[in-house]
Amino acid sequence: RETRDRDRDSKDTSKKDTKQRNAVFPDSTMMKAQLREQLIAKQYKVTDYYHVKGYPQWMAKSARFEYLTFLVIFFNAVWIGVDTDFNRSAMLINARPV
């Protein structure tokens, strides 16, 4: 009789597992728990792996350097757009500087 009860209990749990896997909407409590774990987890920062002393690491970690890098990328994108619009040459080798 005990084995029959265990078999029945295992069938019930397998039905629940199958039901959860085939559900259209995920379990909200499970999603909340996963979200909390992600919020608590330490975020990845590449600067954590930089050296502690020295001018290069200080410069690379500074916000000014980051903003300057973004500014250079922005101006490069603008220049590519200007050059594309105003350069009428079919080949880049034959193009005159704008």
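**Entry 1: the salt bridge**

I began with D48, which is partly exposed because its relative accessible area is 43% (buried means under 20%, exposed over 50%, partly exposed in between, with a 1.4 Å probe and protein chains only). I note that this is a predicted model, in which local features need pLDDT of at least 70, side-chain atom pairs count only at pLDDT 80 or more, and totals for chains, interfaces and linings use all residues. Residues are numbered from 1 along each chain as its sequence is written, and side-chain values use heavy atoms, with hydrogens and water left out.

I found that D48 forms a salt bridge with K42, the closest N and O atoms lying 4.0 Å apart (a side-chain nitrogen of Lys or Arg within 4 Å of a carboxyl oxygen of Asp or Glu). The structure holds 1 salt bridge. I recorded K42 as exposed, since its relative accessible area is 73%.

**Entry 2: Q57**

I located Q57 in helix 3, residues 55-61 (helices are DSSP runs of H or I, at least four residues, and strands are runs of E, at least two, numbered from the N terminus). Q57 is buried, with a relative accessible area of 13%. Setting aside neighbours within four places in sequence, I found Q57 in contact with Y50, H51 and V52 (heavy atoms within 4.5 Å).

**Entry 3: F75 and its patch**

I placed F75 in helix 4, residues 63-86. F75 counts as partly exposed because its relative accessibility is 48%. I then listed the nonpolar surface patch of about 570 Å², made by L68, L71, V72, F74, F75 and V78. Patches are made of residues with over 30% relative accessible area and no salt bridge, like charges being joined within 9 Å and nonpolar side chains (Val, Leu, Ile, Met, Phe, Trp, Tyr) within 5 Å. Accessible areas come from the Shrake-Rupley method with a 1.4 Å probe; for residues, only the protein chains shown count as cover.
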